Amino acid sequence: MAAVTMRLPQARGPLGASVSRGAEKHLVAPGDTITTDTGYMRGHGTYVEDEKLIASVAGVVERVNKLVCVRALKARYNGEVGDIVVGRITEVQQKRWKVETNSRLDSVLLLSSINLPGGELRRRSAEDELAMRDYLQEGDLISAEVQSIFSDGAVSLHTRSLKYGKLAQGVLVQVSPSLVKRQKTHFHDLPCGASVILGNNGFIWIYPTPEQKDEEAGGFTTNLEPVPLSDREVISRLRNCIVALVTHKMMLFDTSILYCYEASLPHQIKDILKPEVMEEIILEARQRLLDLEG
Amino acid sequence: YFFLSLSSSSSSTPELEGRGGEELGTDIANTLYRVFSCESSVDLKSLCINPREHCWVLYVDVLLLEFGGNIFDAISLAVKAALFNTRIPKVRVLEDEEGTKEIELSDDPYDCIRLNVEEVPCIVTLSKIGYRHVVDATLQEEACSLASLLISVTSKGTLTSMKKVGKGSLDPESIFEMMETGQRVGKSLHIALQKILDEEESLGSSRPKVGFLG
């Protein structure tokens, strides 16, 4: 009944055939010389040594007129106003919560930035402060939007809409923030039967699509009813597909996840994590995405 | 006789670096030693050169490079594979005139004895999450489980040792269930490992050698 497969170690080859993109990107590794022309201003990720501009992180060179900077491929999340993030509460402090969002500093969720049951215009009183732990405890997962950024880079969050709030049952996948594509909306209801929240900070939340769409409580009641097996299978398949996409460094957005899911249907859920099956699925998904672009 | 030691590189996991690493390391080493020091597991008689006088000392050094959850299983598989690959040169003991004994190693690099690893056990870790248990837990799954059971199974399915780790409690009923699952998984683990080792053996010296970072 238990299936154990072992294989001999093999050298890792290049992941899949490199598909030609439009313009060739200028990729650098730390220590690579970007340019010897002294007319450029140096931006993030670069430093000057011996009149040469050298990269300090591994990434893509971006040039805006005279400014040269290197955008790292794998870096911590840098907050921008209006981003959707999924975070985990780490601390409950006096008038705020500290949320972990895979950035350099813990993000802050102020008590005045959340929806309290009973209407939005209520003044936050001392009882609200004492009852903070009833709303959000350490270890809870929330979806929120970035309201503003402090001067030290810490991000301030708010959940002032009914679509944000505490997340109930589902699966969290942690990926690099640079792999999540910026789109108009990050809440997707996939036709395969599950919904996904693509947080800009790299936290992806997969959960079963809720039946009734209108919730009055402002997102703090958690639905703890048991999830049916078919939904669980869809969710685990989606999770494995996302892991496959991340291994092959493909951008994550609703269409790519959907194509990858459809390509993986003939295989068993646990087979998706095998290297050969992963390559096959990714190749098919990549082909369909290229056809889509025209 | 047999001696096992464990060392880990600092990049494997934050808990294992510096001073704390030594404590955790000796803890893991002691558990492994208990598993492998069973009389029937490693064939110690084949290590004997002269009865009551000379014998080989087998040192097993385990170096942990990366910690991804479920280390005991991985280490036991590695130890078994390493023992299978070991080649011990044949020795002869010569008597000198004064009675001092001299040990002579045979010069032929292929003249060696191999160890019989049939009875060497493999460890299967079962972690209890909620009301059920999982085998081969990842780091995140280990973080969710409060208690786990380490059982060492030989290729025939006999349990050689059992250890409970973790701060949670295990119900006696669930312990029986876990033992049975562990035996089943352990047997298939042995079969798969033996198949791979035989396959590698048959490739001879032409097999591609891949390092850890390859």
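A cavity is a set of grid points where a 1.4 Å probe fits but cannot get out, and its lining residues have an atom within 4 Å of a point. With that idea in hand, welcome to this predicted model. Chain A has five helices and 17 strands, and chain B has four helices and 12 strands.

**Enclosed spaces**

- Searching the whole structure turns up three cavities of 30 Å³ or more.
- The largest cavity holds about 50 Å³ of space.
- Its lining is made up of Thr31(B), Arg34(B), Val35(B), Ile123(B), Leu150(B), Ile151(B), Ser152(B), Ser161(B), Met162(B) and Lys163(B).
- Three elements of chain B, namely α1, β11 and β12, each give two or more residues to that lining.

**A four-stranded sheet in chain B**

- Chain B contains an open sheet of four strands, in the order β10-β9-β11-β12, with antiparallel pairing.
- At the edges sit β10 (132–135) and β12 (159–166) of chain B, each of which pairs on one side only.
- On average, neighbouring strands in this sheet are turned by 25° against each other, with direction ignored.
- Strand β9 of chain B covers residues 122–129 and is joined to β10(B) by four bridges in the antiparallel sense.
- Within this pair of strands, Leu126(B) stands opposite Val135(B) of β10(B).
- The hairpin of β9(B) and β10(B) has two residues between its strands, and Gly130(B) there takes a positive phi near 70°.
- In general, strands of a sheet pair through backbone hydrogen bonds, either parallel or antiparallel.

**Helices against that sheet**

- Helix α2 of chain B (residues 71–85) packs on the sheet and touches β9 and β11 (147–153) of chain B.
- The direction of α2(B) makes about 170° with that of β9(B).
- Helix α4 of chain B, residues 172–203, lies across β9, β10, β11 and β12 of chain B.
- The angle at which α4(B) runs to β9(B) is about 140°.

**Nonpolar cores**

- The largest nonpolar core brings together 37 residues, and the ones with the most contacts inside it are Leu32(B), Ile75(B), Val79(B) and Leu83(B).
- At least two residues of this core come from each of α1 (19–36), β4 (58–64), α2, β9, β11 and α4 of chain B.
- Helix α2(B) supplies the largest share of the core, with eight residues.
- Leaving aside residues up to four places away in sequence, Leu83(B) touches Leu58(B), Leu115(B), Val117(B) and Val120(B).
- Another core of 35 residues lies apart from this one, and among its members are Ile206(A), Leu238(A), Ile242(A) and Leu252(A).
- More generally, nonpolar side chains tend to be buried together in soluble globular proteins.

**An enclosed helix in chain A**

- Helix α4 of chain A (residues 254–264) is largely enclosed by the rest of the structure, because eight of its 11 residues are buried.
- The buried residues in α4(A) are Ser256(A), Ile257(A), Leu258(A), Tyr259(A), Cys260(A), Tyr261(A), Ala263(A) and Ser264(A).
- These buried residues of α4(A) pack against β16 (194–198), α3 (229–247) and α5 (275–293) of chain A.

**Strand pairing in chain A**

- Strand β8 of chain A (residues 84–92) runs antiparallel to β11 of chain A (residues 141–149), and five bridges join them.
- Here Val86(A) stands opposite Ser143(A) of β11(A).
- β8(A) also pairs with β9 of chain A (residues 96–100), in the antiparallel sense and over four bridges.
- Glu91(A) has Lys98(A) in β9(A) as its bridge partner.
- A hairpin is formed by β8(A) and β9(A), with three residues between them.

**The two chains in numbers**

- Chain A has 294 residues, of which 40% count as buried.
- Chain B has 214 residues, of which 36% count as buried.
- In chain A, 61% of the contacts with a separation of 6 or more involve residues 24 or more positions apart.
- In chain B, 66% of the contacts between residues at least 6 apart in sequence join residues at least 24 apart.

Terms used
Residues are numbered from 1 along each chain as its sequence is written. Chains are lettered from A and ligands numbered from 1 in the order in which they are written. This is a predicted model: local features need pLDDT of at least 70, side-chain atom pairs count only at pLDDT 80 or more; totals for chains, interfaces and linings use all residues. Side-chain values use heavy atoms; hydrogens and water are left out. Two strands pair if DSSP finds at least two bridges between them. Axes are lines fitted to C-alpha atoms, for helices over the stretch in contact, and angles run from 0 to 180 degrees between N-to-C directions. Contact means heavy atoms within 4.5 Å. A nonpolar core is a set of buried Ala, Val, Leu, Ile, Met, Phe, Trp, Tyr and Cys residues joined through side-chain atoms within 4.5 Å. Buried means under 20% relative accessible area, exposed over 50%, partly exposed in between (1.4 Å probe, protein chains only). On a 1 Å grid over the protein atoms alone, a cavity is a set of points where a 1.4 Å probe fits but cannot get out, and a pocket is an open set with protein on both sides within 12 Å along at least five of seven lines; lining residues have an atom within 4 Å of a point. Grid points are joined across faces, edges and corners, and a volume is the space filled by probe spheres set on the points.
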